[in-house]
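Here is a short report on one protein chain. It covers spans from a database record, nonpolar packing and charged pairs.

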Amino acid sequence: MAANGASCEQPQKRAGAKEKQNGKSIDSSVRERRQKDKEDRLSLVVWRRPVTTLHYFLLETLIKLKEWTFKLWQRRGTVFLFLVLCSLFSIAYSTEGAHQQYVNYLEKRFLWCAYWVGLGILSSVGLGTGLHTFLLYLGPHIASVTLAAYECSSTDFPEPPYPDQIVCPQGGGVEGSISLFSIMSKVRLEACMWGAGTAIGELPPYFMARAARQSGADPEDEDYEEFEEMLEQAEGSQGLVTRAKLGVQHMVQKVGFFGILACASIPNPLFDLAGITCGHFMVPFWTFFGATLIGKAIIKMHIQKLFVIITFSKHIVEQMVSLIGSVPRVGPSLQKPFSHYLEAQKNKLHHAGGSAPADENWLSWVFEKVVLVMVCYFVTSIVNSMAQSYAKRLQQQRHSEEKTK
């Protein structure tokens, strides 16, 4: 009996082992197929396959427009209310009366806030690669206001031309009356709006991961696939970056609101994972967005703003110029354009009306070209990302057709 039982167990074990091996072979074949598809998609870039990439980009754009149009039609009540409000504002804007001063003030403030919110969204959303708008726009703006405040001994720049152009006020200010807090107060609105835009830009990964968890469907997102692979291999050996990502994921998952707040309050390149983590583990929307908004728009922005203001304070800039001049051999040649640039900025601040622009040097020319290159790279990354998204649609359609056959 025992021998018969043992002989019966052996085929069962062998069958189980065979099924396990088949499962492993199926998993490995699926992973190989996914890896091959991913490599094919990543090869779809403008500088390698320009015609196919642009063609797929246009097709994906049409699909996205169709999807957005359908979503707007589903929310036609909200769209109708928005159009009514826009019509009322247009009537108030075009009608003469005493209310025009308030309308113009609201228009100016709204456009100014929308500008910085939009730049913040571009910085964090990016469709694959964010545009570093803090380095390109907000940082230089805070630096210009800081230099102008110390030069003019005041932050009461006349409006207009501020913020389009900074000009010292007529009366000037008291020497030494400028403090860090007065400069921070001057740029608080644009800094907080930019931070709010970066918080809004973190919402698409959250909604994508949440919808994928609720529906069980496979989302069309590379970051979410990497996140699921990271969870599957969590107990294995990983590199430093993977362990850092897992640390962020565990902190957000276990600590909750304050964990998200801590990750959002410091310059954290791994925070992109927080939105996917919160969506995957069904963290409530206001817990995620509230902590992200407070962390990015208030705490983190004050840290970054304070750093830029301190860096471009008058005495630190003077020390920096003198240190550049003390560098052997190349120091004097580098110090000269910096000194000319600062002198030109000072003359521009005191030149009311700004009729004669200062002579440009190679420093401003290089900065303009760097901005142009970064913007071109950002646009190219969007084209590549959308073309790869359409290629993934084709791959999924082909695999589904193969399964039905």
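## Annotated spans

The end C-alpha atoms of residues 273-294 lie 18 Å apart. This span is 82% helix and 0% strand. For residues 370-391, the end C-alpha atoms are 31 Å apart, and the span is 100% helix and 0% strand. Helices (H or I, at least four residues) and strands (E, at least two) are DSSP runs, numbered from the N terminus.

Both spans come from UniProt, where an unreviewed entry places the feature "transmembrane region" at residues 78-95, 115-138, 251-267, 273-294, 306-327 and 370-391. UniProt positions follow the numbering used here, feature names are shortened, and annotations may be inferred rather than shown by experiment.

## Basis of the model

This is a predicted model: local features need pLDDT of at least 70, side-chain atom pairs count only at pLDDT 80 or more, and totals for chains, interfaces and linings use all residues. Residues are numbered from 1 along each chain as its sequence is written, and side-chain values use heavy atoms, with hydrogens and water left out.

## Nonpolar cores

A nonpolar core is a set of buried Ala, Val, Leu, Ile, Met, Phe, Trp, Tyr and Cys residues joined through side-chain atoms within 4.5 Å. Buried means under 20% relative accessible area, exposed over 50%, partly exposed in between (1.4 Å probe, protein chains only). The largest core has 25 residues. Leu 138, Val 145, Phe 157, Ile 183 and Trp 194 touch the most other members. Two or more residues each come from α4 (100-124), α5 (133-152), α6 (180-186), α7 (188-201) and α13 (285-311). Helix α5 gives the most, with 9 residues.

Leaving aside residues up to four places away in sequence, Trp 194 touches residues including Trp 116, Phe 134, Leu 138 and Met 301. Contact here means heavy atoms within 4.5 Å. Another core, of 15 residues, lies apart from the largest one; Cys 263, Cys 278, Phe 288 and Ala 291 are among its members.

## Salt bridges

The structure holds 6 salt bridges (a side-chain nitrogen of Lys or Arg within 4 Å of a carboxyl oxygen of Asp or Glu). Lys 36 and Asp 40 form one at 3.5 Å, N to O. Both lie in helix α1 (residues 2-42), 4 residues apart, about one turn of the helix. Asp 40 is partly exposed, at 35% relative accessible area.

Glu 67 and Arg 393 also pair at 3.5 Å, N to O. They link helix α2 (residues 50-74) with helix α16 (residues 362-404), 326 residues apart. Glu 67 is partly exposed at 30%, whereas Arg 393 is buried at 19%.
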